[in-house]
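Let's take a walk through a protein model together. Have the structure open beside you and turn it around as you read.

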Amino acid sequence: MNNEQTPRIRAGSASDRSWIGDNHHDIANTRIAEETEMPLIDTHAHLTYPGLIERIDEVLANCRAADVTRVISVASDADDGARALALARAHAMIASTAGIHPHPAGKVQPGDIERVAAQLAQPEAVAAGGMG
């Protein structure tokens with residue numbers, strides 16, 4: 001594919017409620033998948049957030065409908081990392097991260113760093129993050 005054929009898409013997350021079902025994005029993603037033969041991966045989703053985790057099956061179905069093959073659920077603290085890891089264990093298309101984002105960093109409790117390190121040692125964890 002040359003630069004003239006490269007489709008343009010708006011940055012966004014397949015799991016983001018405003019993004020799912022937007023036909024322009026579905027068409028763009030399908031075209032990218034067809035033309036590049038590369039899998040589409042949502043590299044930064046917060047599937048553990050309220051509004052998404054309660055309807056995770058629907059969210060993942062929407063991702064699959066948009067030809068997204070993998071979703072990385074990014075954690076913001078040790079508790080969120082545990083939730084992301086649990087999601088990744090329950091759903092094959094989800095991978096998790098572990099880390100402590102700067103926003104909740106002031107609330108770090110004793111043992112949180114060790115918990116994050118243990119989460120990163122799990123096979124479902126694919127990266128350290130989000131860390132700002």
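We'll go from the sheet to the core and then to the charged pairs.

A quick word on the ground rules: this is a predicted model, so local features need a pLDDT of at least 70, side-chain atom pairs count only at pLDDT 80 or more, and totals for chains, interfaces and linings use all residues. Residues are numbered from 1 along each chain as its sequence is written, and side-chain values use heavy atoms, with hydrogens and water left out.

Start with the sheet. Strands of a sheet pair through backbone hydrogen bonds, either parallel or antiparallel. Here, four strands make an open sheet in the order β1-β2-β3-β4, and the pairing is parallel. As for the labels, strands (E, at least two residues) and helices (H or I, at least four) are DSSP runs, numbered from the N terminus. Two strands count as paired if DSSP finds at least two bridges between them. The edges of the sheet are β1 and β4 (125-128), each pairing on one side only. From one strand to the next, the twist averages 25°.

Now zoom in on β3, which covers residues 94-98. On one side, three bridges join β3 to β2, and the two run parallel; here V71 stands opposite I94 of β3. Strand β3 also pairs with β4 in the parallel sense, again over three bridges. (Touching, or contact, means heavy atoms within 4.5 Å. Angles like this run from 0 to 180 degrees between N-to-C directions, with axes being lines fitted to C-alpha atoms, for helices over the stretch in contact.)

Is β3 buried or exposed? Five of its five residues are buried, so β3 is largely enclosed by the rest of the structure. Buried means under 20% relative accessible area, exposed means over 50%, and partly exposed is in between (1.4 Å probe, protein chains only). Both faces of β3 are covered, with I94, S96 and A98 buried on one side and A95 and T97 on the other.

Take T97 as an example. This residue of β3 has a relative accessible area of 4%. Among the residues T97 touches, leaving aside those up to four places away in sequence, are I72, A84, A127 and G129. A polar atom of the T97 side chain also lies 2.6 Å from the backbone oxygen of G129. That is a polar contact: a pair of N or O atoms within 3.5 Å where, within protein, one must be able to donate a hydrogen and the other to accept it, and residues adjacent in sequence count only if both atoms are side-chain atoms.

Next, the core. In soluble globular proteins, nonpolar side chains tend to be buried together. A nonpolar core is a set of buried Ala, Val, Leu, Ile, Met, Phe, Trp, Tyr and Cys residues joined through side-chain atoms within 4.5 Å. The largest one here has 15 residues, and L47, I56, C63, V68, V71, M93 and I94 have the most contacts inside it. At least two core residues come from each of β1 (40-45), α2 (56-65), β2 (68-73) and α3 (78-90). The largest share, four residues, is supplied by α2. Look at M93 in particular: not counting residues up to four places away in sequence, M93 touches L60, C63, R64, V68, T69, R70 and V71.

Finally, the charges. Side chains of opposite charge can pair when their charged atoms come close. A salt bridge is a side-chain nitrogen of Lys or Arg within 4 Å of a carboxyl oxygen of Asp or Glu, and the count comes to five. One of them joins E124 and R89 (3.6 Å, N to O). E124 sits in the loop between α4 (112-120) and β4 while R89 is in helix α3, so this pair ties together parts that are 35 residues apart in sequence. Another is found within helix α4, where D112 and R115 are three residues apart, about one turn of the helix. Their closest N and O atoms are 3.4 Å apart. D112 is buried at 12% relative accessibility, whereas R115 is partly exposed at 32%. Together with D79, these two are linked in a network of salt bridges.
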